[in-house]
Structures are given as C-alpha cells and as structure tokens.
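Subject: Structure handover

Hello,

Here is the structure we spoke about, with the sequence. My notes follow below it.

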Amino acid sequence: MTRYLIPLGVFVVLAIFLALGLTLEPRIVPSPLIGKPAPEFTLPQLKDASQQLGRKDLLGKVTLLNVWASWCVSCRHEHPLLVQLARTGRVNIYGLNYKDKREDGLRWLEQLGDPYIVSAFDEQGNVGIDYGVYGVPETYVIDKQGIIRHKVIGPVTNEIITTVILPLMKELGG
Amino acid sequence: MMNTIRRLLICTVLLLSSAAWGEDKVGDEATEARLKAMAVELRCLVCQNESLEHSRADLAVDLRNQIRDMVRQGKNDQQIMEYMVARYGDFVRFRPPLKSTTAPLWFGPFVLMALGGLVLMYTLVRRRRRVNIARLSSSEQERIRTLVANNSAAVEEDGKA
C-alpha cells in the first residue's frame with residue numbers, strides 16, 4: 001500500500017506547489033519602501049509650473065499617491081475608478097505625472113477628468129526612481145505621518161479599492 | 001502563456017519605443033567600465049530576466065544614467081547597490097544576499113539533494129535485504145557434486161559411443 005501512497009503524496013505536494021506558482025504574478029515585486037517614510041520630493045505642479053508639490057503637502061492626512069502618465073495604457077483603465085473614488089470626497093488622491101509631456105498630461109485630465117487634488121510633474125522620472133516605480137500605474141497609500149503603508153502595482157481595480165485600499169485607509173484614520 | 005506573450009509584447013514595444021525617448025548619456029571609459037560591472041549584477045524590473053546592462057527599457061536607461069551620475073560623484077559600488085536595493089528590493093540583484101528571507105533560495109537545493117540521497121540509500125538497503133543469498137547445506141553441496149560427476153561421466157560415454 002505505502003508503495004503507491006508515497007509517490008502519490010509526493011505528486012500531490014508537487015502539484016500544490018506548482019499550482020500556487022501559477023497564481024503568483026511575477027511582475028509584482030514587493031516594495032522595500034512599505035513601512036518606511038515616503039521619500040522626500042519637491043516638484044512643480046502639472047497645472048501650474050510656478051507652484052510646487054512636496055512630501056510635506058501630503059502630511060497630516062491619509063493620502064493616495066497615484067503614479068500615472070498619458071502614454072500609459074493601463075492608466076486609462078484605472079482612471080475612471082479614480083475619478084469615481086475622488087467624487088465620493090472621502091479619499092485624498094494626489095498624482096505623480098511620470099515622464100510625461102506637460103501638454104499631454106493636461107489634455108488627459110481635461111478629457112478624462114481630474115481626480116487629483118494636485119498632480120506633481122515628474123518630467124525626468126527622478127522622483128519615480130526614488131519611489132521604486134517600475135510599472136506605471138502604481139498607487140501608494142501613505143499615512144498621516146508620511147509612512148508608505150501599501151503599494152498597488154498596476155491598475156487599481158474595484159476589487160482592490162473595496163477590499164484593500166478603503167479598509168486600510170479607514171484603519172489609518174483617513 | 002497569455003502572460004508570457006503579453007510580457008514579450010511589452011518588452012518589444014519598450015524596445016521599439018526606447019530610441020524615441022530614453023538616451024544613454026555615455027560617459028568616459030572608466031565610468032562605462034564601472035557601470036558595466038555593476039549593471040550586469042542588476043535586474044531590469046521591466047524585462048525581468050534581462051540585466052540592467054542589456055535591457056533597452058526606458059527605466060533601464062534612466063537607471064544606467066543614474067548609476068553613471070553616482071560613479072561621477074565618487075560613490076563606491078556598495079553605495080550604488082544600496083541605492084538600488086533601497087528602491088527596488090533584493091529582487092533587483094541577480095545574486096541576492098544571504099539572509100533569513102533568502103536562505104531557502106541558497107540552501108533549498110542542497111536540502112533537496114540530501115533528502116534525495118537519503119531516500120536512495122534507504123531504498124538500496126531495503127532492496128539488498130530482500131534478496132536472500134541462498135546458502136546450501138553440506139548435504140545439498142554433496143548432491144550437486146554427484147550430479148555433476150554423473151553428468152560428466154554420461155557425456156564421456158556418449159562421446160565414446
């Protein structure tokens with residue numbers, strides 16, 4: 001009997017591991033910044049280059065920092081969700097317009113709506129590098145003290161908003 | 001499969017588009033040599049199985065330029081590596097450091113090999129036990145001898161006849 005049970009057991013264990021491996025998304029690399037202070041930055045605003053946006057503007061409230069670009073196809077998918085979320089008035093969303101052209105970014109907001117309190121304009125992508133951005137769109141949940149609590153890599157979905165982002169923001173006192 | 005295709009497509013698109021926006025700001029020979037030595041050890045997070053040295057993704061170009069700047073600022077290799085790991089995690093290194101979270105990665109294969117060896121030894125020992133080496137009693141030995149002797153005698157007679 002054990003003659004057959006042992007290979008069967010080995011097979012089942014192997015199959016479970018392989019099945020788990022299939023459900024993992026290799027593109028999602030855990031960020032080392034979670035639990036750490038959001039990196040310092042000061043950038044011109046997208047809509048008004050004479051005004052600036054910095055890390056200190058995010059402090060004192062729970063915020064979402066959404067990295068987006070007009071050339072980014074997935075951003076187009078998530079954008080209506082962000083607009084909808086902003087309309088509830090319960091969430092502070094800031095934008096980081098990453099490696100974009102100013103006029104393209106502005107046209108995007110005009111055509112698709114502007115969910116952001118302010119969008120910073122990161123033309124060179126240096127702030128993106130400091131935040132470990134590698135696949136736009138990315139969205140950071142930052143608490144009142146300016147600590148990064150969560151990072152969504154890729155477009156946010158309705159499911160992520162209701163099961164992850166909103167509960168986490170509530171927990172953080174947003 | 002779909003994911004692989006999608007990733008290939010993304011890489012192709014990035015490859016085609018990189019000329020349009022990212023440009024390597026090639027520096028002097030010494031800087032390039034240092035950059036190359038570092039970049040082969042670093043993973044491009046866009047095309048994950050490519051090194052930063054070989055990737056043509058836009059982010060890889062930016063990061064190469066960033067490393068060039070840091071080399072010019074006199075940063076040593078360790079500082080540059082720390083800069084990268086602080087932003088992208090250990091995954092950015094092709095040779096991850098040895099620590100508790102990466103221990104299975106380093107020792108897992110040896111543990112598996114040792115387990116395999118134990119199983120092999122166990123099976124071999126058990127198999128040897130199962131094969132009984134038959135020992136003959138002295139009377140049986142005697143019988144064999146007479147049988148052989150009779151047989152050869154019979155063969156000899158056949159030959160004569």
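In chain B, helix α2 meets helix α3 through B:Thr31, B:Arg34, B:Leu35, B:Met38 and B:Ala39 on the α2(B) side, and through B:Arg64, B:Ile67, B:Arg68, B:Val71 and B:Arg72 on the α3(B) side. Sorted by class, this contact has five nonpolar, one polar and four charged residues. Please keep in mind that the model is predicted.

As for geometry, α2(B) covers residues 29–39 and α3(B) covers residues 58–72; their axes come within 10 Å and cross at roughly 125°. The pair is therefore classed as oblique. The crossing of α2(B) and α3(B) is right-handed.

The loop between these two helices of chain B contains B:Val40. Is B:Val40 buried or exposed? B:Val40 has 12 C-beta neighbours inside 10 Å, and the limit for exposed is 12 or fewer, so B:Val40 counts as exposed. Leaving aside residues up to four places away in sequence, B:Val40 touches B:Ser51 and B:Glu53. Between those two contacts in the numbering sits B:Leu52, which is 12 residues from B:Val40 in sequence, with a C-alpha to C-alpha separation of 6.3 Å.

On the interface between the chains: 11 residues of chain A are in contact with 13 residues of chain B. On the chain A side that touches chain B, the classes are six nonpolar, four polar and one charged.

Regards

How values were computed:
Residues are numbered from 1 along each chain as its sequence is written. Chains are lettered from A and ligands numbered from 1 in the order in which they are written. This is a predicted model: local features need pLDDT of at least 70, side-chain atom pairs count only at pLDDT 80 or more; totals for chains, interfaces and linings use all residues. Axes are lines fitted to C-alpha atoms, for helices over the stretch in contact, and angles run from 0 to 180 degrees between N-to-C directions. Helices (H or I, at least four residues) and strands (E, at least two) are DSSP runs, numbered from the N terminus. Angles under 35 degrees count as roughly parallel, over 145 as roughly antiparallel, 65 to 115 as roughly perpendicular and the rest as oblique. A crossing is left-handed if the near helix is turned anticlockwise from the far one by less than a right angle, and right-handed if clockwise. Two residues are in contact if their C-beta atoms, placed from the backbone, lie within 7 Å. Ala, Val, Leu, Ile, Met, Phe, Trp, Tyr, Cys and Pro count as nonpolar, Asp, Glu, Lys and Arg as charged, and the others, Gly among them, as polar. A residue is buried if 20 or more other C-beta atoms lie within 10 Å of its own, exposed if 12 or fewer, and partly exposed in between; C-beta atoms are placed from the backbone.
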